Amino acid sequence: MHFVVCAKQIPDPETPPSAFRIDEANNEVIPAPGISPVLSQFDGMAAEAALRIIEAAGEGKITVISLGQESAQAAIKQVLAMGADEGILLEDDALQGGDSYTTARTLAAAIEKLGDVDAVFCGRQAADWDMGQVGLGLAELLGWPSAIIAKDVQIENGTMHVQRVLADGFETVALPLPAVVTISNEIGDPRYPKLQQIMRAARKTVNRWSAEDLGLDPSTVGDAGARLKLERLFIPELGGDVEIMEGESAEEQAQNLATTLREAKVL
Amino acid sequence: MARNILVIGELDGGALSSTTAELVGGASRLADGGQVSVTLTGAGASGQTDAAFAAGADRAFVNDDATYDEFRSDQWVGAAEQAIDQSAPDVILIAQSIVGRDLGPRLAFRRDTAVAMDCVSIEDSGGAFRATRPCYGGNAQATYAFATSPAIATVRAKSQEPLDPPREGASGEVVELSGAGESRAEIVGREAAVAEGLQLQDAPVVVSGGRGLGAPEGFGLVEELAEAIGTDKAAVGSSRAACDLGWYPPSQQVGLTGKVVTPDLYIAIAISGASQHMAGCSGSKTIIAINKDPEANIFKAARYGIVGDYKEVLPPLIEAVKNLD
């Protein structure tokens, strides 16, 4: 079995909201000082799901692919340290920027170039733009079935069983391979690589493919090919204007809150 | 300018879902004299056309095939494509639901266009459609213009207003869609996981607990407060952190990856107010924060707050709430 895990490097979503800044002139997030970018956490969970299947089967290979800049090597290395076998960085000026459409198109071209892929594992959404489209876009471009927001994935006899999260429960879907699945946080925390694994990952191969390597016309990828044009990025006002309850004791504060809520006709 | 809008409708227990009514209402404003169409698929769909017309639709594409009751993207894409071919929409609106999260991107890639997910507003300005949506876990919002047509948007619940009053007795055109075709996806099992009684999205009051409770037992006090407010009024929610720790069922998760709630009153207990949580509750009319950290982000979104340990604050608050009236 050959699995692909799609990995994206993003600004750390655990950045405290007070340190979150936007460059409104360029519609960009300003990296918070001293906080390094990270592997999008759902992509780590996607790697975890793929690794669990390979381990249970006792055979198989995982290729991790990232579309990004040179710095996205760190995201690839992390998935390699978790246990993936090879990495591919899709890096090229023509590939920079873009939207979910160009991302899916570029990743699909890489998966087609690999040729022998049985399943693709993506995070349910990248924790920066929160779109949740790339996995499904890949499935559509590759002509494969898909299931999203999975809490568990099993593969047996050429069939993928995906337990997906619904609003009111869970549902198990069976899909013929090759297929795409997107993974949600319900699957549990991804493994934390040991030092030895991190050192071993440093020696694993990371190939680098350009738009030309993928046979992609530069006008159809990156910023040039984007279909959603970002016009404005801004921080919304929360505007709570909080009134903190006074009181000598917790009892007094609690009583004041209940009284205030009644007076404001909230309760 | 008159625009044609297509809403991909959903049924909830056989009836037009409240979000579909919101989307159709929003579509009728956006259409500006153009035609509003809606798809209704699944058991009992044809019985819901009058409800769709009352909600603002001019035309309903229906099929009663119960196969549509379960979501398989290939079948739903097939139904949507028939409606698109017959209604030539400028805009397609889909709820940001289990259906929309999957169907939106599938349909956009199938029709060689783009979708903006989880939108909170859609405008037609200067000849182009623009959609605004939260991103960066709710820390930011982004406004996009569509470079391709039709523009597809999945839309967050409660972000569009239904027609008020509805157009009771309005009529429209009914067009039959074909039944669900073959699917590559086979649904082999289903497990319900819902809290009994009042559901989170329907509750006028939501009382939520977070990681700051320190232990799953903390939810005991959270539930007691909800009971004191009234089991017919208040439901209990949880932050993702608390769900991931196994302290509370995932079905009760409020936030970006859980449920989006818009109650009259949201009480956040020992929740720091990470953006991804706020994405699920910031539409609440009034937010109350109880947290021992005065710097917690939740206080920035709250109208009323208590800075203190929930273990000390909740028992007297529960008593005080019981003694109201």
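Hi everyone, let's start with chain A: of its 267 residues, 53% are buried. Before I go on, please keep in mind that what you see here is a predicted model.

Staying with chain A, how many helices and strands does the chain have? The secondary structure comes to 7 helices and 15 strands.

Next, contacts. Take the pairs in chain A that sit at least 6 apart in sequence: 73% of those contacts join residues at least 24 apart.

The accessible surface is about 11600 Å², and carbon and sulfur atoms account for 47% of that.

Let me move over to chain B and zoom in on one residue, Ala296(B). Where does Ala296(B) lie? You'll find Ala296(B) in the loop that runs between strand 17 (286–291) and helix 8 (298–301) of chain B. Is Ala296(B) buried or exposed? With a relative accessible area of 6%, Ala296(B) falls under the 20% cut-off, so this alanine counts as buried.

And what does Ala296(B) touch? Leaving aside residues up to four places away in sequence, Ala296(B) is in contact with Ser272(B) and Asn291(B). For a sense of distance, look across to Arg133(B): that residue is 163 residues from Ala296(B) along the chain, and their C-alpha atoms are separated by 25 Å.

Terms used:
Residues numbered from 1 in each chain as written. Chains lettered and ligands numbered in written order. Predicted model: local features only at pLDDT ≥ 70, side-chain atom pairs only at ≥ 80, totals over all residues. Heavy atoms only, no water. Helix = DSSP H or I, 4+ residues; strand = E, 2+ residues; numbered from the N terminus. Buried < 20%, exposed > 50% of the residue type's maximum accessible area, 1.4 Å probe, protein only. Contact = heavy atoms within 4.5 Å. Areas by Shrake-Rupley, 256 points an atom, 1.4 Å probe, with all protein chains shown as cover.
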